[in-house]
Amino acid sequence: ELPAVDGFGISLNGRRLVVKQALAPGQVAHEINQRESKGSAKADRREWMHLLNVGNITEGMAEWEDLSLSERRQRQSSQK
């Protein structure tokens, strides 16, 4: 059996377990409503979408000429 790693919680047969607190039956509906009011993950992604291409350097840009040949090859292969 693998040794427990500090900070990774509970493990059983080498698999990480996620343990959550039990809720009372009346509290479940309240928790669901609270989660829905926070917003969807899609809206959260949309909020940060403008950061997707920050720092992106492509061919034809002035910064492209400053890159070494190996860096150019890596960027070209990662875009495929």
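**A guided walk through the predicted chain**

Under the rule that a salt bridge is a side-chain nitrogen of Lys or Arg within 4 Å of a carboxyl oxygen of Asp or Glu, the count comes to one salt bridge. The structure is a predicted model, in which local features need pLDDT of at least 70 and side-chain atom pairs count only at pLDDT 80 or more, while totals for chains, interfaces and linings use all residues. Residues are numbered from 1 along each chain as its sequence is written, and side-chain values use heavy atoms, with hydrogens and water left out.

The one salt bridge joins the side chains of R72 and E65, with a distance of 3.7 Å from N to O. Side chains of opposite charge can pair when their charged atoms come close.

The chain has 80 residues, of which 4% count as buried. Its accessible surface comes to about 7,700 Å², with 53% of this belonging to carbon and sulfur atoms, as given by the Shrake-Rupley method with a 1.4 Å probe, where for residues only the protein chains shown count as cover.

Confidence is expressed as pLDDT, the predictor's confidence in each residue, from 0 to 100. The mean pLDDT of the chain is 82, and 86% of its residues reach 70 or more. Confidence is lowest in helix 2 (residues 41–48), at a mean of 80, and highest in helix 3 (residues 69–78), at 92.

Helix 3 is also the place of R75, which counts as partly exposed at 28% relative accessibility. Leaving aside its neighbours within four places in sequence, R75 is in contact with G55, I57, W64 and L67, where contact means heavy atoms within 4.5 Å. R75 and E59 are 16 residues apart in sequence, and their C-alpha atoms lie 9.6 Å apart in space.

At the strands, L12 belongs to strand 1 (residues 10–12). The loop between strand 1 and strand 2 (15–17) holds N13, a residue that has a positive phi of about 55 degrees although it is not a glycine, and that counts as exposed at 64% relative accessibility.

Methods
Buried means under 20% relative accessible area, exposed over 50%, partly exposed in between (1.4 Å probe, protein chains only). Helices (H or I, at least four residues) and strands (E, at least two) are DSSP runs, numbered from the N terminus.
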